[in-house]
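Got the viewer open and ready to click around? Let's take a short tour, one selection at a time.

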Amino acid sequence: MSRSSAQDNGAAEARSLAMILPVVGRLRMAVGAENKELAKRGVVDYPTHSARKSQGLLELNRLRLALASARTHPAARAALADLSAELDINRRLLQVQLRAAQTVSEILARAIRDGQSDGTYSSHVWRENDR
């Protein structure tokens with residue numbers, strides 16, 4: 001490879017990094033902000049967080065050629081590893097929230113079902129009479 005070609009590759013990699021790193025950083029910050037809000041176990045503004053993450057994904061998708069050319073650079077690898085770690089935390093926190101919501105909905109569905117039943121077709125009534 002000639003010196004000029006190596007310089008061109010280095011300049012292309014620098015341009016790619018200049019485009020990628022801010023996008024990855026913004027996305028990491030958006031996911032981190034959602035993680036902090038989820039960890040507080042209070043009201044979470046899911047639509048806002050979802051919009052920010054979707055925007056970040058769109059930007060990353062548009063930069064996939066730049067990502068391909070710069071993915072071996074240590075700065076890009078570190079930024080992507082940090083993003084991946086934040087996303088893993090986000091996945092776990094959202095999974096906890098989803099499980100909690102499913103549990104609450106099951107309890108409510110059971111209460112509604114039991115409240116609407118007069119017990120006529122319930123095996124529970126027969127078990128009580130067998131005692």
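Predicted model: local features only at pLDDT ≥ 70, side-chain atom pairs only at ≥ 80, totals over all residues.

Residues are numbered from 1 along each chain as its sequence is written, and side-chain values use heavy atoms, with hydrogens and water left out.

**Stop 1: the whole chain**

Switch to a cartoon view of the protein chain. You'll find 5 helices and 0 strands, giving the pattern α-α-α-α-α along the sequence. Here helices (H or I, at least four residues) and strands (E, at least two) are DSSP runs, numbered from the N terminus.

Of the 131 residues, 21% count as buried. Buried means under 20% relative accessible area, exposed means over 50%, and partly exposed is in between (1.4 Å probe, protein chains only).

A contact means heavy atoms within 4.5 Å.

**Stop 2: helix α4**

Select residues 74-116. This is helix α4, with 43 residues, and it reaches 62 Å from its first C-alpha to its last, close to the 63 Å expected at 1.5 Å a residue. The expected span is 1.5 Å times one less than the number of residues. Which residues of α4 are buried? Color A76, A79, L83 and N90 to see them.

**Stop 3**

D88 meets R91 at 2.8 Å, N to O, and D88 meets R92 at 2.9 Å, N to O. Being 3 residues apart in helix α4, D88 and R91 are separated by about one helical turn. D88 and R92 are 4 residues apart in that helix, also about one turn. As for cover, D88 is partly exposed at 31% relative accessible area, R91 is partly exposed at 45%, and R92 is partly exposed at 42%.

**Stop 4: from α1 to α2**

Next, select E34 and K53. They form a salt bridge, with the closest N and O atoms 2.7 Å apart. E34 lies in helix α1 (residues 3-39) and K53 in helix α2, so the pair ties together parts that are 19 residues apart in sequence. Is E34 buried or exposed? E34 is buried, with a relative accessible area of 2%.

**Stop 5: Y46**

Finish at Y46, in helix α2 (residues 46-62). Y46 counts as partly exposed, at 36% relative accessibility. Leaving aside neighbours within four places in sequence, Y46 is in contact with E34, L38, L94 and Q97. The C-alpha atoms of Y46 and E34 are separated by 8.3 Å, and the two residues are 12 apart along the chain.

Show Q97 too: its side chain makes a polar contact with the side chain of Y46 (3.3 Å). A polar contact is a pair of N or O atoms within 3.5 Å; within protein, one must be able to donate a hydrogen and the other to accept it, and residues adjacent in sequence count only if both atoms are side-chain atoms.

How values were computed. Salt bridge = Lys/Arg side-chain N within 4 Å of Asp/Glu carboxyl O.
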